Amino acid sequence: STVFLIGSLTIVYRSLCRLFQSDIKKTIAYSTTSQLRFIMSTLRIRLPLIAFIHLSLHAFFKSVIFISSRYIIHDNANNQDYRRIRKSMLNAKIASVSMIIRSLSLCGFPFFARFASKE
């Protein structure tokens, strides 16, 4: 259908935009578009409870990633360019580990909450 085509093109465009971003917060925000497609697909097949659970889990883990990234940005004198932040990520071990764990969970890594949501 037309809506599916427009949605797919939007996701491809946003994914390409994400590849060329150097701002850490924009990169995190652009990664939400793929999850919106999953949520819309579950609504299309008339499973609103599954869509709500997925949306809730996504919002929780994304907020934790934003909080961790804000800690790293603040630690780097409000520098949001991830090309310059990489060196100091080693100093912020707790925030780095938190971001890695939450990112794995958002990806649907086995034995994390989002794995159950995507299956």
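Trainee: Which residues make the nonpolar surface patch of about 460 Å²?

Mentor: Start with the rule. Patches are made of residues with over 30% relative accessible area and no salt bridge; like charges are joined within 9 Å, and nonpolar side chains (Val, Leu, Ile, Met, Phe, Trp, Tyr) within 5 Å. A salt bridge puts a side-chain nitrogen of Lys or Arg within 4 Å of a carboxyl oxygen of Asp or Glu. Here the patch is made by V12, L16, L19 and F20.

Trainee: What should I know about the model and its numbering?

Mentor: This is a predicted model, in which local features need pLDDT of at least 70 and side-chain atom pairs count only at pLDDT 80 or more, while totals for chains, interfaces and linings use all residues. Residues are numbered from 1 along each chain as its sequence is written, and side-chain values use heavy atoms, with hydrogens and water left out.

Trainee: Is F20 buried or exposed?

Mentor: Check the relative accessible area. Buried means under 20%, exposed over 50%, and partly exposed in between (1.4 Å probe, protein chains only). F20 has 70%, so F20 is exposed. F20 lies in the loop between helix 1 (2-19) and helix 2 (24-30).

Trainee: How many helices and strands are there?

Mentor: Both are DSSP runs, numbered from the N terminus: helices are H or I with at least four residues, strands are E with at least two. The chain has 7 helices and 0 strands. From the N terminus on, the order is α-α-α-α-α-α-α.

Trainee: How do I check the span of helix 6?

Mentor: Multiply 1.5 Å by one less than the number of residues; that is the expected span. Helix 6 (residues 93-107) has 15 residues and should span 21 Å; its end C-alpha atoms are 21 Å apart, so the two agree. G108 follows helix 6, with a positive phi near 85°. Helix 3 (residues 32-44) has 13 residues and reaches 18 Å from first C-alpha to last, close to the 18 Å expected. R46 follows helix 3, and its phi is positive, near 65°.

Trainee: Which residues of helix 3 are buried?

Mentor: T33, Q35, I39 and T42. Take T42: its relative accessible area is 7%, so T42 is buried. For contact, look for heavy atoms within 4.5 Å. Not counting residues up to four places away in sequence, T42 touches L47, I50 and A51.

Trainee: Which residues make up the largest nonpolar core?

Mentor: The general idea is that in soluble globular proteins, nonpolar side chains tend to be buried together. A nonpolar core is a set of buried Ala, Val, Leu, Ile, Met, Phe, Trp, Tyr and Cys residues joined through side-chain atoms within 4.5 Å. The largest here has 11 residues: I24, I28, F61, I65, I72, I73, I85, A92, A95, M99 and L106. Helix 4 gives the most, with 4 residues.

Trainee: What share of the chain is buried?

Mentor: Buried residues make up 33% of the 119 residues. Among contacts with a separation of 6 or more, 58% join residues 24 or more positions apart.

Key
Accessible areas come from the Shrake-Rupley method with a 1.4 Å probe; for residues, only the protein chains shown count as cover.
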